[in-house]
Structure formats: structure tokens, C-alpha cells
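These are my notebook entries on one structure. I record what I looked up, entry by entry.

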Amino acid sequence: MLLSSVFKPFAVDDEFGSRVINPIELYHNQVTRAQGPFSLRMFHRTWSLMLLQRNISAPCTVLDFPTRARFIEELQAVDYDVVGLTGIIVNIGKVQEMCRLVREHSPRSTIVVGGHVTAIPGVERMIDADHIVKGEGVAWLREFLGEDPARPLEHPSIQSSFGFRLMGLPVPGRGDRAATIIPSVGCPMGCNFCTTSEFFGGKGRFVNFYERGEDLFRVMAQAERDLGVRAFFVMDENFLLYRRRALELLELMKRHGKPWSLYVFSSANAIAKYDLRQLVELGIEWIWLGLESAASGYQKLKGSDTRTLVTELQSHGIRVHGSSIIGLEHHTPANIDAEIAHAVAHDTVFHQFMLYTPMPGTPLHREVQAQGRLLAGVDLADIHGQYKFNFRHHAISRDESKTFLDEAFVRDYEANGPSLFRLMRNMFVGWRRYRRDPDPRVRARVEAEGRQLARGYGAALWAMEKYFRESQPAMSRRIGELLAEIERETGSWSRALNRSLGPVLLWSARRDARVAPGGRVLEPATFVDRRHWATATPATRGGV
């Protein structure tokens, strides 16, 4: 079996639906894209394919981020029985082309297509596939291959990201020292615009792979052994909502002395189920949190004062990744300025801004379509929340939607500075507050961050202070004050290191700002992973 993501390049405008404005980088695309040379650059593997491969016994190749030519080469090299493809909605053109290529170069293969692209109404008529799989795919694939669909899930050890670059330079070594853990798929909150919630069953439904904290602990401990990590990106739409499992995990972390760090998604009402001490002991270092205004009416924000919540969380060293939607139904040109100001005032470490977008397959899409408000002629490749509306808003035009979205990113950057600066400020707050904590696990976790601040992170602050000295003197002073505080705490050796490495980072940042103001065009590496391949018996065409 061959499992493949769609082909690159991604950050170009082409006939297959790639767009310069929509690169395959989560942060540079949706979070730090207006931050010039300080934008965080990294890629993430196609985790779903890795999960599928791990949970079948058939010989299987995962081809992640191939070029079109490399995909053809693989089809010609091995006589695959089954070719599985996955993509998101904007990649419908690439999925169509890959299906065509399979028919041409491996006509005996059965084609299976999964992923969010299958949520497009009428997708069956758009792609030449034998099977279209909507929702959770492990059980489906096992049954399709004649295996036990109810067998317990095996979780692969997944490095969270790769290709990390900072201020124009690649980060030495592996860069990201975190593993991705997927406890469940779907989201029970069921916001009407959410593709993930609808894809896995809709409001109130999700698929839990791990019911108990004991199961989750076992998976995390294995990833720790395999990858040498102590941090975990928990890919669960609302991890803290499942309180019993989280507290069971906490007890096991305490029992085994694990100073782990967790990066999680949550909602304001789920966080309210915990006291701050529990979150600190659980190692919650990063929370992705929706920050729409109270007027949005979403259940996940009911009764929440998000500004107070964010301030409290970040005072404990828990960095908040805010997420705000531009163009909600109540937004108008008259009130959008205040709505953006409300979002920016949270001063989160990171802040994602997205357009209110009726994505195909969601309740919002069906509602807007029934009202006759979907715009005709909008390419599916341009429906991703980072360009322009695909529907007729009551008060905001399509062109205005992009103007307001771009403005939100710029205002957050100008008011709060680079996310890299905010990140180090928050690390310092957590380290100073908990470095003498009675819990040795908490101390060990923040001490690791303290070492990072002392051993080179300050060089980035030194460079940022100089970079903004003329263009934004107030921001330069804020960064300089943080650097001075850190150096007072970490000693003269740290100060010397910062002044040795800082000029290199300053030169690199200025070079990137001059050569590529919007950020260099980067593409992910291609990965070829083979599992159970020693037992494979398919005929080859020219070898592998």
C-alpha cells in the first residue's frame, strides 16, 4: 500500500491550487506572517498518514510532500495494490491530478481518498477514486484490508515539527524537541464554522483513541524513549475538556517524576474546570485558545472574561496562543476596529487571525448556501481563511475582508512586538516564579527554560533590540529591558554569549528583511517511510 500527501510545491500560484498566500507553514501562514524576519518558520509532517501506516499490518510506504515527479517515480517503481491519498479542501486540484496519475502509471491500483477534501459536497463527481473515506480512517482501513478494526490503536512516535528556522537561519540540530500525541479526533463543542468538528461527527461527538490517563502516559513515555523529548504537542481539539483523563495523567506524571511539558488546545470554559496549580503541575506550557468577543455567542466562551484569563495564565508562565476570527456576522466597518483592538489587547504570546469562512461541509456553509449568500466562481483553492470572503457578508465586502484581516496581523505585531520576544518574556516569567517550587518536576521543567534563556536565547533579544532601535524605539526599549533583567539573573557568561551571537542574528534578520520582506519561500523536505517492507511481495518495476 502507498499512502501519500499531495505534491509540492505549495507556496506558488499554479494550476493545481497552490497559492503564494497559503504556504504549508502553520505559523508563517496564520500566526506570525506579518512579523517579517521574526516570523517562526517550520513544517509539520502529515500525521494522519503516519498514524494509518502504524496501524495496519500490510507492507506500506508513506510518501510525504513528494514532488509530482517523485510521486510518478514511486508509482512506476512498485506495483501497488492500493494507493491512499489525503488532502485538505484547498488541495482538491492536486488530489484530482494524483488520481489521474495513478490511473495512468499504476492502473491496477485501487484508489482510496480521505482527509478534509472529502467534505466537499459532490466530491464523488470531482475525483476519480474507488473509495472516499469521510471521518476517522484507521478503523475503515483495517476493515478494508481484512484486519481487526477494533484492535487497540498503536501510536507512532512523531517529531512535532522539522525544518525550524529563526531570524533567517536554520536552527542547529533537530530544532524542535517535542513529540506530537493524538489522543482523539473531532471536537464536541461543534462551532458552526469548524471543519474538524463536522468531519468527525459534528457537535457533541468525537473519537477518543485513549480513554484513560494510563493509556496516554504509556504513549508519551514511549515517545520520550524514542525521540528523547520531554515536551508534547497534544493534537486534541479540546484536551482539557476531558478532565478525568487529564488528572489521571497528572497523577502518573507525579508518581514517575516526569517533568513533561504539554502544548494543548482548549476553550475558556474547559480551563475553568481546573485551578492554576493543577495546570502548572500538569506541565501546561502552551494553550491555543479562542478569543472571539462576547458578542460572538459561542458556547465555549460563555461567561468568560478572556482578557483576565489570559493575563492570569501568562503570569504563571503558560503562554497563550490566541485565535480570533475576523468578519463574524456582527462585525461591521464601524465596529471592526474595536473588535481587532479587543483581540490585540490580550497581548498573547502568539495570535492567529482567520476570516469567518463557510468551509464546504460545515453547518455554516449549509446555512449560508441556503440563504443564497455563497459567492459564485470562488475557486476552492482560495477558500482557506487567509485571503478573502467566499460569501456575501451583511456589512463587509470581499475586498474589505482581506484589508481587515491584514490589519489585524499588523496591529498585533506593532502593539505587542515579535512573538519571539513575547515567548522569551513568558519563559522568564515562568522561570522566575517557579524556579524554587517545592515540586521537583516543576523546578526541573522551568530550569530547562532558564538554561535556554542563559545559553543563547538572549542573543535574539539583543538583535531585536538593535533592529527596532530606529524604527520603533519604544519596542526596542521594552526588549532591552527584558534582556537586562534576564542577564542580571543569568550572569556575565550569558551576557558575553548574547553579544557574541547577537550580531550574527541581527545581520541575518536585516538581510532577510531586505531580500524577502514577506519571508523566504520555503518548501518541506520529502519523506519516504517504509514499514513491514521486508515482507512485501509486490512485483517491482525497476526496483525501489
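**Entry 1: Backbone angles**

I began with Met-167, which is buried, with a relative accessible area of 1%; buried means under 20% relative accessible area, exposed over 50% and partly exposed in between, using a 1.4 Å probe and protein chains only. I note that this is a predicted model, in which local features need pLDDT of at least 70 and side-chain atom pairs count only at pLDDT 80 or more, while totals for chains, interfaces and linings use all residues. Residues are numbered from 1 along each chain as its sequence is written, and side-chain values use heavy atoms, with hydrogens and water left out.

I found Met-167 in the loop between β8 (162-166) and β9 (169-170). Strands (E, at least two residues) and helices (H or I, at least four residues) are DSSP runs, numbered from the N terminus. The phi of Met-167 is positive, about 55°, although Met-167 is not a glycine. I recalled that most residues other than glycine have a negative phi, and that most peptide bonds are trans.

I then looked up Phe-65, where phi is also positive, near 60°, in a residue other than glycine. Phe-65 lies in the loop between β3 and α3 (68-77). With 2% relative accessibility, Phe-65 counts as buried.

I also checked a peptide bond: the one from Lys-8 to Pro-9 is cis, with omega near 10°. Pro-9 belongs to the loop between β1 (2-4) and α1 (26-30).

**Entry 2: A sheet**

In what order do the 6 strands of the open sheet run? I read the order as β6-β5-β4-β1-β3-β18, with mixed pairing; two strands pair if DSSP finds at least two bridges between them. The edge strands, each pairing on one side only, are β6 (131-132) and β18 (527-531). I followed β3 (residues 60-64), which pairs with β18 in the antiparallel sense over 5 bridges. Within this pairing, Val-62 has Asp-529 in β18 as its bridge partner.

I listed contacts (heavy atoms within 4.5 Å) for Leu-262. Leaving aside neighbours within four places in sequence, Leu-262 is in contact with residues including Met-220, Phe-232, Leu-282 and Trp-286.

**Entry 3: A buried arginine**

Is Arg-422 buried or exposed? Arg-422 counts as buried, because its relative accessibility is 0%. I located Arg-422 in helix α15 (residues 419-434). A polar atom of the Arg-422 side chain lies 2.7 Å from the backbone oxygen of Thr-348. Not counting residues up to four places away in sequence, Arg-422 touches several residues, including Gln-35, Asp-347, Thr-348 and Asp-412.

**Entry 4: Cysteines**

I searched for disulfides (cysteine sulfur atoms paired within 2.5 Å) and recorded 0 in the structure. A disulfide is a covalent bond between the sulfur atoms of two cysteines. Cys-191 is buried at 13% relative accessible area, and Cys-194 counts as buried at 15% relative accessibility.

How values were computed: A polar contact is a pair of N or O atoms within 3.5 Å; within protein, one must be able to donate a hydrogen and the other to accept it, and residues adjacent in sequence count only if both atoms are side-chain atoms.
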